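What follows is a short report on one protein model, written to be read beside its sequence and coordinates. Please keep both in view while going through the sections.

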Amino acid sequence: MAEQAEDIDDIVDHPTGANSSEQHDEPSSASSKPKNAFAELMAPKRKAPASPEPEKRPKDKAARWRGALVQYINDPSSFGSQVLQVTPNTVLIKDSFPKATVHLLLLPRSKKHYLLRPNEAFADPAFLAIVREEAASAAKLAAAELERLLGSFSVSNKPRLEATDYANRPPGRDYLKEIKVGMHAHPSMDHLHVHIISKDMHSPKVKHKKHYNSFNTEFFIPLVDYPLADDDVRRDVGFQNGNLSKDFKCWRCGKDFGNKFTQLKKHLEEEFEEWKKE
């Protein structure tokens, strides 16, 4: 998986534990030699290692996180199987913090566009056409992977799997319809990226309201809807902030869970089991 997080909440500090080796630099009193008070007084005092000012650390870490996608654009070959496809125009990677069974990111490589927000970047019709074409190809790959993972559970896919004449197999379930392709209205990462994601939201990486609502409200803007009209409400920051704070609604049945995230997650597990059987 790629090393980027989808939002700053996915960055986890790993403080030194109480039992780590850093806690045992000094020998215990039971095993140490008797101390010479004069020598101890005159001995140079050990200084604590210098560290950045605390208030600067989150800013630096956040900045590194926001710019993390550029490494895949600049040097995709160094990431092996984490990178699924490279073309002159885009790099397709797996999301390290997938919010569904299949979750990919398509990264445009155009330096003219990749630091722009979606509304600005997709105002260029030629660039938008390129991204749409490559996103369509990426969506087919995502659908094929979804079928590989879940196809054996699907009732509608069963005739296809059981067909003995491979060349004339029935089409089976249309997994491409289970894939969403779009953008977050106000991305939290610096570099332009398109989400190619299955609908199910079945993932332990869905941990809080923003994770869920950013894909299941109008905060998620289908790529096909670009360019947005100047008066499109989805351009409005206040409107989109409101989307992120909305009550939870099941993506499949529409049931309202208010602010009860634990209940939503339990329900999503149940819906996933039914959805994969369709």
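## A buried salt bridge and its network

Glutamate 178 counts as buried, at 10% relative accessibility, where buried means under 20% relative accessible area, exposed over 50%, and partly exposed in between, computed with a 1.4 Å probe and protein chains only. This is a predicted model, in which local features need pLDDT of at least 70 and side-chain atom pairs count only at pLDDT 80 or more, whereas totals for chains, interfaces and linings use all residues. Residues are numbered from 1 along each chain as its sequence is written, and side-chain values use heavy atoms, with hydrogens and water left out.

Glutamate 178 forms a salt bridge with arginine 173, the closest N and O atoms being 3.3 Å apart; a salt bridge is taken as a side-chain nitrogen of Lys or Arg within 4 Å of a carboxyl oxygen of Asp or Glu. Arginine 173 is likewise buried, with a relative accessible area of 8%. The pair belongs to a network of salt bridges that links Arg173, Glu178, Arg252, Glu271 and Glu278.

## Salt bridges within helices

The whole structure holds 11 salt bridges. One of them joins glutamate 145 to arginine 148, with the closest N and O atoms 2.7 Å apart. Because they are three residues apart in helix H5, glutamate 145 and arginine 148 are separated by about one helical turn. Glutamate 145 is partly exposed, with a relative accessible area of 29%, while arginine 148 counts as exposed at 60% relative accessibility.

A further salt bridge connects lysine 158 with glutamate 162, where the closest N and O atoms are 3.8 Å apart. Both residues lie in helix H6 (residues 158-162), four residues apart, or about one turn of the helix. Lysine 158 counts as partly exposed at 46% relative accessibility, and glutamate 162 counts as exposed at 53%. An α-helix has 3.6 residues a turn, so residues three or four places apart point the same way.

## Overall make-up and the sheet

The protein chain contains nine helices and eight strands, which are DSSP runs numbered from the N terminus, with helices being H or I of at least four residues and strands being E of at least two. Buried residues make up 39% of its 278 residues. Of the contacts (heavy atoms within 4.5 Å) between residues at least 6 apart in sequence, 64% join residues at least 24 apart.

Six strands form an open sheet in the order S1-S2-S3-S5-S4-S6, with antiparallel pairing; two strands pair if DSSP finds at least two bridges between them. Strand S1 (83-86) and strand S6 (220-222) stand at the edges with a single partner strand each, so one side of each is left without a neighbour in the sheet. Neighbouring strands of this sheet are turned by 30° against each other on average, direction ignored, with axes being lines fitted to C-alpha atoms, for helices over the stretch in contact, and angles running from 0 to 180 degrees between N-to-C directions.

## Strand pairs and a packed helix

S1 and S2 pair in the antiparallel sense over three bridges, and they form a hairpin with three residues between them. In this pair, valine 86 stands opposite valine 91 in S2. Five bridges join strand S2 (residues 90-94) to the antiparallel strand S3 (residues 103-108), and here threonine 90 stands opposite proline 108 in S3. Helix H7 (residues 209-216) packs on the sheet and touches S3, strand S4 (179-184), strand S5 (194-198) and S6, its direction making about 110° with that of S4.

## Helix H9

At 1.5 Å a residue, the 17 residues of helix H9 (residues 261-277) should span 24 Å, and its end C-alpha atoms are 25 Å apart, which agrees; the expected span is 1.5 Å times one less than the number of residues. The buried residues of H9 are Phe261, Leu264, His267, Leu268, Glu271, Phe272, Trp275 and Lys276. Their cover includes helix H5 (125-150), H7, strand S7 (248-249) and strand S8 (256-258).

## Cysteines without a disulfide

A search of the whole structure finds zero disulfides, a disulfide being a pair of cysteine sulfur atoms within 2.5 Å. The sulfur of cysteine 250 has its closest cysteine sulfur in cysteine 253, at 3.7 Å, which is too far for a bond. Cysteine 250 counts as buried at 4% relative accessibility, whereas cysteine 253 is partly exposed, with a relative accessible area of 44%.
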